[in-house]
Amino acid sequence: QVQLVESGGGLVQAGGSLRLTCAASGRILSNSDMGWFRQAPGREREFVAAISWSGNVKHYRESVQGRFTVSRANAKNVVYLQMNSLTPEDTAVYYCAAEGRGAAGYRYWGQGTQVTVSS
């Protein structure tokens, strides 16, 4: 059984930065992606970023391209999401997901971490 625990969320002013961390326990299927999603109040959950097992292939939603960077350290079973130039529109609960492909098909999900960006 895979468990995912997110951390690093918090309150930040617009223009600021946060780094989210997802720590995975258990055996994750190799050759699968890990992803980040978010859900704002009253909205559906949306894809944010994904990274391949090797770390060589990354996908981003258009609105975060150039501001967010996803990375992973397989030896530590950790995935990161560096978020820069944050705006109030980035306010949401951010979820880590494992064993998917790109923006869909993820098998395991974390509990989420709240990110709030004040204007």
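**Close-up 1. Ring pairs join Phe 37, Phe 47, Tyr 106 and Trp 109 into a cluster.** The model shown is predicted. The count of aromatic pairs comes to 4. In one of them, the ring centres of Phe 37 and Tyr 106 lie 5.4 Å apart with the planes at 75°, so this pair is edge-to-face. The two residues come from distant parts of the chain, 69 residues apart: Phe 37 belongs to strand S4 (residues 33–39), and Tyr 106 to the loop between strand S9 (92–100) and strand S10 (108–109). Phe 37 is buried, at 6% relative accessible area. Tyr 106 is also buried, at 9%. The rings of Tyr 106 and Trp 109 form an edge-to-face pair, with centres 6.2 Å apart and planes at 65°. Trp 109 is partly exposed, at 29%.

**Close-up 2. Arg 45 lies over the faces of Tyr 95 and Trp 109.** The distance to the ring centre is 6.0 Å for Tyr 95 and 3.7 Å for Trp 109.

**Close-up 3. An open sheet is formed by 4 strands in the order S1-S3-S8-S7, with antiparallel pairing.** Strand S1 (3–7) and strand S7 (68–73) are the edge strands, each pairing on one side only. On average, neighbouring strands of the sheet are turned by 15° against each other, direction ignored. Between S1 and strand S3 (residues 18–25) there are 5 bridges; Gln 3 has Ser 25 in S3 as its bridge partner.

**Close-up 4. Ala 23 sits in strand S3.** This residue is partly exposed, at 36% relative accessibility. Beyond its neighbours within four places in sequence, Ala 23 contacts Gln 3, Leu 4, Val 5, Asn 77 and Val 78. From Ala 23 to Tyr 80 the C-alpha to C-alpha distance is 8.9 Å, across 57 residues in sequence.

Definitions and conventions
Residues numbered from 1 in each chain as written. Predicted model: local features only at pLDDT ≥ 70, side-chain atom pairs only at ≥ 80, totals over all residues. Heavy atoms only, no water. Pairing = 2+ DSSP bridges. Axes fitted to C-alpha atoms, helices over the stretch in contact; angles between N-to-C directions. Buried < 20%, exposed > 50% of the residue type's maximum accessible area, 1.4 Å probe, protein only. Contact = heavy atoms within 4.5 Å. Phe/Tyr/Trp six-rings, centres within 6.5 Å; stacked < 30°, edge-to-face > 60°. Lys NZ or Arg CZ within 6 Å of the ring centre and 35° of its normal.
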